[in-house]
Amino acid sequence: MNVPAIEVHDLTVAYRTQPVLWDVDLALPEGKLIAIVGPNGAGKSTLLKAILGLVPTVTGWVQIFGEPYERRRSWVGYVPQRESVDWDFPTSALDVVTMGLYGRIGWLRRPAKHHRETALACLEKVGMHDLAHRQISQLSGGQQQRVFLARALAQDARLYLMDEPFAGVDATTERAILTLLKELRDSGRTVVAVHHDLQTVAEYFDHVVLLNMRLVAAGPIATTFNADALQRTYGGKLTVLTQATEALLQNRSVE
Amino acid sequence: MELTFTARNVLIGATLLGALGGTLGSFALLRRQSLLGDALAHAALPGVCIAYLITGTKSPLPLFAGALAAGLLGSLLILATVRWSRIKEDSAIGIVLSVFFGIGIVLLTYIQKLPAGNQSGLDKFLFGQAATLVVADLQVMAVLGAIVIAFVVAFYKEFKLLAFDREFGSSLGLPMRKLEVLLTLLLVVVVVVGLQTVGVVLIVAALITPAAAARQWTDRLGAMLLLSAGIGAAAGAAGSLVSASMAKLPTGPVIVLVSSSVLIVSLLLAPRRGILWARLRERQVAERIQRENLLKDLYLLGERRADWDTALTWPHLMGLRGQTGRELARNARPLVAAGLAERDGDALRLTEDGRKEAEQVVRKHRIWEVYLSRRLELPSDHVHRDAEAMEHALTEAAVTELEEALGFPAVDPHGSPIPARRASGGGNR
């Protein structure tokens, strides 16, 4: 565990002039279930996207297992928020899972039989192989979430970044997802998940990142997840910091 | 029908355009960029005019090139506006569309006032004039079309990912922005190919209408692309044949009318997504609810009197729900046919089977009432109306689960007994 799974240094992200993340320093250990927790608008999803290079950063850098993300891309799997796509899209569950293999399939090639078999095996791991050929709009919210998880499994990554995998799912799916995450961890993988339900953080996760535009605290649940840290995350406004960020970024965008 | 040389050119051109428009239009539709094609078409107009002014000819290649350049410039302006300003995509499309079209109209008017200008025939680009297609035009269209199709085939899975989940594609390391520019570029090419046939104003219909129709019939992207291309080609062929057989009918608008008719039929009739089928399903549900209500009414009256043998008369039943005798007779007919009730003149009696069937409806109703009053702590006089709706919606599995969670209650909040689960296992609906 010498090299952290994720190391974030002095990361600042802004959408246009609106600051979202400020000066985040973070080192996350390998082989843990890690929750990112914070109020709405705290920049949780943005942190994941910044790690994945999906949003432009103002300052700072990110390393995955000691290397820049571009070199470690194949080690990282991503589960976006379920609401981020149009589920009425004309495609099947199996087809969506196969998308997790597109990076491996390569240009100008179609998914071959063994790719589809891999995808089907991933659907089976989330208990969805019966519904493989169903159009995705005909799946329940929990089933759609499982399809996204299966797609990430197909990526066969060492590090998984998940944006609210438990959001809007039924109790059965929640248990199934948790079992899956634990299996991933027990096989040595690292899972970082944005999580909304404070009540289950300590039960589900090993490690927590408390975020509210800046890093409030990060560490093992036992030492980090306490009332004081939660108060600092959820209570009180960061007015001075917010204003300073805004002023700075406005100058920058005028340049 | 014997086709003239011109009519044959029109037929080939319109069919080709229909197939291309249908293919690229599918991606535009799924990416919710239906109006992008419209903007690109309008943006191409000044390009055509400038190309004419520079070269002084109306041979297809320079005009195509001009349209292509202006369309590309328009599309890049839209992408750049969205990326670098606070203006949203729909506004950016509207702005680019109107500004370029305005410039195009000014140039067009200027050209027509030139000595040689009124012979330029450039106004055909406004509404299209397929009859002016010559073999050279068709050759350019065929080559461009082949290039477009080759790209779509080559990058099919990447385009699919772009349309479905762009960010995930980026996280895989695929150059999604470049793919987006490429797809937009292909759209521009198709628009330019179609300008002479259907014109700036109507080209968006050639893109979107076949795609929207095809979407109704299939849940597979590959099938949707093929079907959309097929509908587009068929509409192009049919439209050009109709306009050839009836003099003075303009080809472009007729093509649009044909494909719109296909769309309307698809919206109404397509299985699962069609409006007619949805209505039909709604009606079937409504009728089932009526039937179940009648069953339940008969059961409740029997239960109250502890008498299952006396048939209940029409006036008696009509009073319960304010129904007319005709409505009642209509609801009773399927019950009698299914052997759930017996009709005895103007009176109705539950059979043994009917009583069992009715018990299940009543069971759902009463268990839901227990659930509401115990778990949600609603007073017992509040729960009846809600249960009236739920008794028709709850599945057997859900009721059984509820019943277990509630510890197999024996009576509902009003004190009426809850019937047992059907022994034979499951309803027959």
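Entry 1. I started at Asp156(A), which is found in the loop between H6 and strand S7 (159-163) of chain A. I keep in mind that this is a predicted model. Asp156(A) is not a glycine, yet I read a positive phi of about 50° there. A residue needs 20 or more to be buried and 12 or fewer to be exposed.

Entry 2. I stayed in chain A and looked up helix H5, residues 113-125. H5(A) has 13 residues and spans 19 Å from its first C-alpha to its last. That is close to the 18 Å expected at 1.5 Å a residue. Which residues of H5(A) are buried? I noted Thr118(A), Ala119(A), Leu120(A), Cys122(A) and Leu123(A). Just after H5(A) I found Gly127(A), with a positive phi of about 70°.

Entry 3. Next I checked where the chains meet. In chain B, 20 residues are in contact with 17 residues of chain A. On the chain B side, the elements that give two or more residues are helix H7 (156-164), helix H8 (166-171) and helix H10 (221-245). H8(B) gives the most, with four residues. By class, I listed nine nonpolar, four polar and seven charged residues on that side of chain B.

Entry 4. I moved to the layout of chain B. Its domain assignment gives domain 1 (5-272) and domain 2 (277-350). How far apart are the C-alpha centres of domain 1 and domain 2 of chain B? I have them 58 Å apart.

Entry 5. I looked up helix H2 of chain B, residues 34-55. H2(B) has 22 residues and reaches 33 Å from first C-alpha to last, close to the expected 32 Å. H2(B) is mostly covered, with 17 of its 22 residues buried.

Entry 6. I then took a helix pair in chain B: H3 (residues 60-84) and H4 (residues 89-113). They pack at an angle of about 145°, and their axes are 9 Å apart. The crossing of H3(B) and H4(B) is right-handed. Which residues meet in H3(B) and H4(B)? From H3(B) I wrote down Ala70(B), Gly74(B), Leu77(B), Ile78(B), Thr81(B) and Val82(B). They meet Glu89(B), Ala92(B), Ile93(B), Val96(B) and Phe100(B) in H4(B). By class, this contact has eight nonpolar, two polar and one charged residues.

Entry 7. I went on to Arg355(B), which lies in helix H15 (residues 352-375) of chain B. Arg355(B) has 19 other C-beta atoms within 10 Å, so I put it down as partly exposed. Leaving out residues up to four places away in sequence, Arg355(B) touches Tyr299(B), Trp308(B) and Leu350(B). Ser228(B) is 127 residues from Arg355(B) in sequence. In space, C-alpha to C-alpha, Ser228(B) and Arg355(B) are 52 Å apart.

Entry 8. I ended at Phe408(B), in the segment after helix H17 (396-405) of chain B. Phe408(B) has a positive phi of about 50°, although it is not a glycine. Why do I call Phe408(B) exposed? Phe408(B) has 11 other C-beta atoms within 10 Å, and 12 or fewer count as exposed.

Definitions and conventions
Residues numbered from 1 in each chain as written. Chains lettered and ligands numbered in written order. Predicted model: local features only at pLDDT ≥ 70, side-chain atom pairs only at ≥ 80, totals over all residues. Expected span 1.5 Å × (residues − 1). Contact = placed C-beta atoms within 7 Å. Nonpolar A, V, L, I, M, F, W, Y, C, P; charged D, E, K, R; others polar. Domains from an automatic or database assignment. Axes fitted to C-alpha atoms, helices over the stretch in contact; angles between N-to-C directions. Left-handed = near helix turned anticlockwise from the far one by under 90°.
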